[in-house]
Amino acid sequence: MTWMRIATAAVLIPAVVAAVWWGSTGLVTALAGLVTLLALLEFFAIGERVGLHGYRLWTSVCALAVLFQQWAATAAQSWTLERNLRLTRSSAASELQLELVLFVFVLGVAAIVFLSRRPLTDALGDIAISSAGLLFLVLPFSALVRLDGVSVIGPRLVLFTLTLVWVGDTLAYFIGRWFGRSRMAPQLSPKKTWEGATANVLGSALVGVSFARWLHFDAWHMVVMAGLASIAGQAGDLIESAYKRSAGVKDSGELLPGHGGMLDRIDALILVAPVVWYYFELVLASRG
């Protein structure tokens, strides 16, 4: 299966890099929407195996609304960075409030519960998995759109985020396979080892140092951001493993040969993206 993983990555990675580097934030948002919908449907399929039937259509609509809101939020922003560098993006477009999107989601769920023919005894589980899909998958993943929307360096921030995941996952996979002895979480993911996890963190730190000059940030901050993102990404991987383990499935799907489903491919990125975004937003830059 290793050659299949490599072959799939060899096709997808250049395509993703090209879309991020040459595409607009609108294109990145559209691609993120497609990825989100595919992952969300896989998430609901896992839930159905344990009797949880999410509101697929309504949650999907609200997922796209979340991504649209994140795109709209990039229309009028400014940051003051280190070294007296100020980045500005301005637009006449009004910013849609995320709270409004979430409130509309809640209202829609309430309407579905009352109008649905499903027994009310199933409502709690159905609401739970629908909300989990939006809050634990869509909302954090949408941070990629915010990163891409940063003026001047947005695509570089996204490529940094993606490279963190790619390098970390690759090192964890091979180091864990060749040298792994200490099981990290045998009940959730028997193949994950502390050796692989350590390689993931160290590899991410090297990515941080490598991108420091390109992003014009202090190398120490880049290492800290990369380290935190690596830990968050591995947590995301384990959370998804818990989903699958509870449903008795090995992969979330079969969409990507050698990698499983779309959710399998982005499980780490779901938490890495918001860590990078908030570290940039709260530590490396101050809103002006």
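Let's start at Ala212: setting aside its neighbours within four places in sequence, Ala212 is in contact with Phe217, Ala219 and Met222, where contact means heavy atoms within 4.5 Å. You'll find Ala212 in helix H8, residues 194–215. (Helices are DSSP runs of H or I with at least four residues, strands are runs of E with at least two, and both are numbered from the N terminus.) Ala212 is buried, with a relative accessible area of 7%; buried means under 20%, exposed over 50%, and partly exposed in between, using a 1.4 Å probe and protein chains only. The C-alpha atoms of Ala212 and Phe160 are separated by 9.7 Å, and these residues sit 52 apart along the chain.

A word on what you're looking at. This is a predicted model, where local features need pLDDT of at least 70 and side-chain atom pairs count only at pLDDT 80 or more, while totals for chains, interfaces and linings use all residues. Residues are numbered from 1 along each chain as its sequence is written, and side-chain values use heavy atoms, with hydrogens and water left out.

Now zoom out. The protein has 11 helices and five strands, and buried residues make up 48% of its 288 residues. Of the contacts with a separation of 6 or more, 74% are between residues 24 or more positions apart.

Next, the salt bridges. The whole structure holds five of them, each a side-chain nitrogen of Lys or Arg within 4 Å of a carboxyl oxygen of Asp or Glu. One of them pairs Arg265 with Asp169, with the closest N and O atoms 3.0 Å apart. Arg265 lies in helix H10 (residues 262–266) and Asp169 in helix H7 (residues 154–179), so this pair ties together parts 96 residues apart in sequence. Another joins Asp237 and Lys192 at 3.4 Å, N to O. That pair also links distant parts of the chain, with Asp237 in helix H9 (residues 219–247) and Lys192 in strand E4 (residues 189–193), 45 residues apart. Asp237 is buried at 16%, whereas Lys192 is partly exposed at 23%.

Salt bridges with shared partners join Glu240, Lys244 and Asp264 into one network.
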